[in-house]
Amino acid sequence: MNLSRFKQIIHLIISLINLGCILTSKTFEYKYENPIYSEKTNKNITISVNYSESYKSFSRNKITFQGIFKDGFGIERGYIFINPQAEEIVKNLFITELKNSGFTITNLPSNDNPEIEIQVNQMFIEPEVGFFVIDAIAVIDINIFVHFKNKSFNRRFKAIGEATILLQPDYFYQLALDRSMKNLALKTIPEVISLIQDEQKDF
């Protein structure tokens, strides 16, 4: 058997296995844990973290979903649902990282404290099917607003996470999402902390 024929057979086997794994939609539970930003604030600062519900989810046939499955031939076979909702996931990221950095988090916004407002534009997971492997790719796109007593700042951030897999167990989609979230934390948390510390003199 030549190498080309062998590759074709292996690809067919993997495709058939993947086809059997993803004929149904699945719901993934995700919680951001293990903060990665270790710098501590030099003062105790109280802030609130909230979100605005503006998430542009994807829908097809009256089904709202946060990702898709594909078989070994790149054909869509099912939907991915993420629990809890995207805004709650990103909010938990900020609370986890900011608490780890020494901030005190309050649930109630106040003119006496800075407020972080999260607006999720997109959270989506999708596989890119290759000849032997599949890349699970998670994309997050958010706007961050930091409100102070007399002014506000805002910026848009995007982050991507990827996990390369041979088959399609659920874990690798969650791993791609977690890597995307960690990427998002590295991009957002240092800037948000720096901004709040610089403006903290107003409180």
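The model is predicted, so local features require pLDDT of at least 70 and side-chain atom pairs count only at pLDDT 80 or more, while totals for chains, interfaces and linings use all residues. Residues are numbered from 1 along each chain as its sequence is written, and side-chain values use heavy atoms, with hydrogens and water left out.

The protein chain contains three helices and 10 strands. Helices (H or I, at least four residues) and strands (E, at least two) are DSSP runs, numbered from the N terminus. Along the sequence their order is α-β-β-β-β-β-β-α-β-β-β-β-α. Of the 203 residues in the protein chain, 43% are buried. Buried denotes under 20% relative accessible area, exposed over 50%, and partly exposed in between (1.4 Å probe, protein chains only). Contacts are heavy atoms within 4.5 Å. Among contacts between residues at least 6 apart in sequence, 72% join residues at least 24 apart.

The largest nonpolar core holds 46 residues. A nonpolar core is a set of buried Ala, Val, Leu, Ile, Met, Phe, Trp, Tyr and Cys residues joined through side-chain atoms within 4.5 Å. Within this core, F94, I116 and M181 touch the most other members. Two or more residues come from each of β2 (46-52), β6 (76-83), α2 (86-100), β8 (115-129), β9 (134-147), β10 (152-165) and α3 (170-199). Helix α3 contributes the most, with 12 residues. In soluble globular proteins, nonpolar side chains tend to be buried together. Residues up to four places away in sequence aside, I116 touches I47, S48, V49, N50, F94, L98, I144, F145, V192 and I196.

Strand β2 is largely enclosed by the rest of the structure, because five of its seven residues are buried. Strands pair if DSSP finds at least two bridges between them. Strand β2 runs parallel to β7 (residues 104-106), with three bridges joining the two. Here T46 stands opposite T104. Strand β2 also runs parallel to β8, through five bridges. In that pairing, S52 stands opposite Q119.

Strands β9 and β10 are antiparallel and are joined by 14 bridges. They form a hairpin with four residues between them. I134 stands opposite I165 in β10.

Helix α2 has 15 residues. Its first and last C-alpha atoms are 21 Å apart, close to the 21 Å expected at 1.5 Å a residue. The expected span is 1.5 Å times one less than the number of residues in the helix. Helix α2 is largely enclosed by the rest of the structure, because 11 of its 15 residues are buried. The buried residues of α2 are A86, E87, I89, V90, K91, L93, F94, I95, T96, E97 and L98. Just after the helix, G102 takes a positive phi of about 105°.

Two aromatic pairs were counted. Rings of Phe, Tyr and Trp (its six-membered ring) pair if their centres lie within 6.5 Å; planes under 30 degrees apart count as stacked, over 60 as edge-to-face and the rest as tilted. F28 and Y173 are stacked, because their ring centres lie 5.9 Å apart with planes at 25°. F28 belongs to strand β1 (residues 26-29) and Y173 to helix α3, so this pair ties together parts 145 residues apart in sequence. F28 is buried, at 3% relative accessible area. Y173 is also buried, at 0%. F148 and F153 form an edge-to-face pair, 5.9 Å centre to centre and with 85° between the planes. F148 is buried at 8% relative accessibility, whereas F153 is partly exposed at 31%.

The charged end of K182 sits over the ring of Y32, 4.4 Å from its centre. This assignment requires NZ of Lys or CZ of Arg within 6 Å of the ring centre and within 35 degrees of the ring normal.

R179 lies in helix α3. At 41% relative accessibility, R179 is partly exposed. With neighbours within four places in sequence left aside, R179 contacts I160, G161, E162 and A163. The C-alpha atoms of R179 and I137 are separated by 9.5 Å, and these residues are 42 apart along the chain.
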